[in-house]
Structure formats: structure tokens, C-alpha cells
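Here is a short briefing on charges, contacts and backbone details. Keep the sequence and the model side by side while reading.

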Amino acid sequence: MAITHEIKVQRRDDEGKGASRRLRRSGNVPAIVYGGDLDPVNIQLVHEDVLLASKHEWFYSSILDLSLDGDVQKVLLRDMQRHPYKQQIMHLDFQRVSADQALRTSVSLHFLNEDKSPAGKAADVVITHEMNEVEISCLPQDLPEYIEVDLGELKLGDAIHLSDLKLPQGVEVPELKFGKEHDVAVVIARQGRIETADGEGEDAEGSAEVPASKVDEDAGKSGGDK
């Protein structure tokens, strides 16, 4: 079941750039809540609270309970605007979610046991994470904060694809509905390079390094034969 987190907000009536600047100077963040059967509502949040929450993964992928004077609305964070160089959050967009309607959002991938795998223990193998998050579809109650990817059995030449992910009950990857060509690699274990006596980089068998494009092509073919 999805974990929810409560965020206290206040309604704001002033609009425009000038009002937003004044709001930020006072230590708050302008935001908007939209979606569902209700009209969009302009709100504000305490910047310090938002900045603290933004350091946690759940802020981006969990159902949030926006509490306005006891009135709670379930939402997802859809957009966050940050200052280009200051540690300041400029604006937030939240979308209301309905308990009986499937939603689409991206969640992080957590890679486990990489250093314990045959590929991870080999000095001449490079493990690349082709994706760090994946878009999923599910009901709000089934939304996971992240999806685990166990790399414990990963060997040289292996590729883990979207279809190999072990998804929680009620969760699916919409991209897989479009055919095998959309079953892209999430993790690939490639042949790495070693340094020879004369300082030139070669692969572990002593031949020139295989171009990355060729490795990708071969990995794609092996994935298609599964």
C-alpha cells in the first residue's frame, strides 16, 4: 500500500509575479493544485518545510496529503521549479488524484546486490544503469515509492530489461504495451577495459575495445531472443 505524507498549506489570493516575489521574500513558496472535479486553487507552503521534504525520495513519488485547515486533498507532485543557483524552490504544481482512477508517474529504481554479483566482482566488467527511474501506471493505493532491481545474479553480457522488473501487485509499465522494441534495457553488464604494460587500454582478452554502439546492438539482440 502506498505511504502518504501530510503537507500543511495555506490558500493564497494574490496572483502575479509581484505577489509571488513577495511570497518568496517572506519565506514561502507559491504553488497550485489542479485536477479532478474541482477548480485549480492557488496555495502557499513554508519554504523551509518544502526544502526539507524535497531532500527525500517520497516527496517526488508518493501520494501527498495536502492539508488546508483540516481539508485534506490527495495529490502528486507534478512539477518543481528551482532557482538556477540559489538553494530556493520557486514554484510547485500538484495534481489531485482519485482513489478509483489509475495514475501514471515515474518512480525511482533501487539497484540491489550489485557488488555481490559475478559482474560486480569482476574487475574487467562495467555495469551501466541505463535507467534510474521508470514510468508506471497503477491505482493510488498501489503506488510504490520505488522499485527494487536485484542484480545479484548479473553476469558479463547480461542485460535486464523493463519486462524483467518485478513489479508490485497492481503496478504495470505502460511502455511495454507498445511492443518488444519498447522493452529497453535497464541494466547492462559490459566488457570493461584494462591497462596493458605500454599503457594502452584493451579489453580483457587483449583485443581492441568493442565500440559501445556494437555492445548495445548485441545486448538488444539478446534481449529480443528472450
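The notes below go topic by topic, starting with charge pairs.

This is a predicted model. A search of the whole structure turns up six salt bridges.

**Salt bridges**

- Side chains of opposite charge can pair when their charged atoms come close.
- R190 and E130 form a salt bridge through their side chains, at 3.3 Å from N to O.
- R190 is buried, at 12% relative accessibility. E130 is partly exposed, at 39%.
- K8 pairs with E6 in a salt bridge, and the closest N and O atoms are 3.3 Å apart. K8 is exposed, because its relative accessible area is 61% and the cut-off for exposed is over 50%.
- K177 and E172 make a salt bridge, with 3.0 Å between the closest N and O atoms. K177 is exposed, with a relative accessible area of 63%. E172 is partly exposed, at 36% relative accessibility.

- Which residues gather in a patch of positive charge on the surface? They are K17, R21, R22 and R25.
- R25 belongs to helix 1 (residues 17–25). R25 counts as exposed, at 65% relative accessibility.
- E145 lies in the loop between strand 10 and strand 11 (146–150). E145 is buried, yet has no salt bridge.
- How far from E145 is the nearest side chain of opposite charge? That side chain is K74, 12 Å away. E145 lacks a salt bridge with K74 because such a bridge needs a side-chain nitrogen within 4 Å of a carboxyl oxygen, and K74 is 12 Å away.
- E145 does have a polar partner: its side chain makes a polar contact of 3.5 Å with the side chain of S62.

- L112 is in strand 8 (residues 103–112). L112 is partly exposed, with a relative accessible area of 31%.
- L112 and L151 are 39 residues apart in sequence. In space, their C-alpha atoms are 5.8 Å apart.
- N113 lies in the loop between strand 8 and helix 4 (118–121). Its phi is near 60°, a positive value in a residue other than glycine.
- N113 counts as partly exposed, at 30% relative accessibility.

**Strand 1**

- H5 is in strand 1 (residues 4–8).
- Is H5 buried or exposed? H5 is buried, because its relative accessible area is 19% and buried means under 20%.
- H5 and I63 are 58 residues apart along the chain. Their C-alpha atoms are separated by 7.0 Å.

Key:
Residues are numbered from 1 along each chain as its sequence is written. This is a predicted model: local features need pLDDT of at least 70, side-chain atom pairs count only at pLDDT 80 or more; totals for chains, interfaces and linings use all residues. Side-chain values use heavy atoms; hydrogens and water are left out. Buried means under 20% relative accessible area, exposed over 50%, partly exposed in between (1.4 Å probe, protein chains only). Patches are made of residues with over 30% relative accessible area and no salt bridge: like charges are joined within 9 Å, nonpolar side chains (Val, Leu, Ile, Met, Phe, Trp, Tyr) within 5 Å. Accessible areas come from the Shrake-Rupley method with a 1.4 Å probe; for residues, only the protein chains shown count as cover. Lys and Arg count as positive and Asp and Glu as negative; His and the chain ends are not counted. The place of a charge is taken as NZ of Lys, CZ of Arg, CG of Asp or CD of Glu. Helices (H or I, at least four residues) and strands (E, at least two) are DSSP runs, numbered from the N terminus. A polar contact is a pair of N or O atoms within 3.5 Å; within protein, one must be able to donate a hydrogen and the other to accept it, and residues adjacent in sequence count only if both atoms are side-chain atoms.
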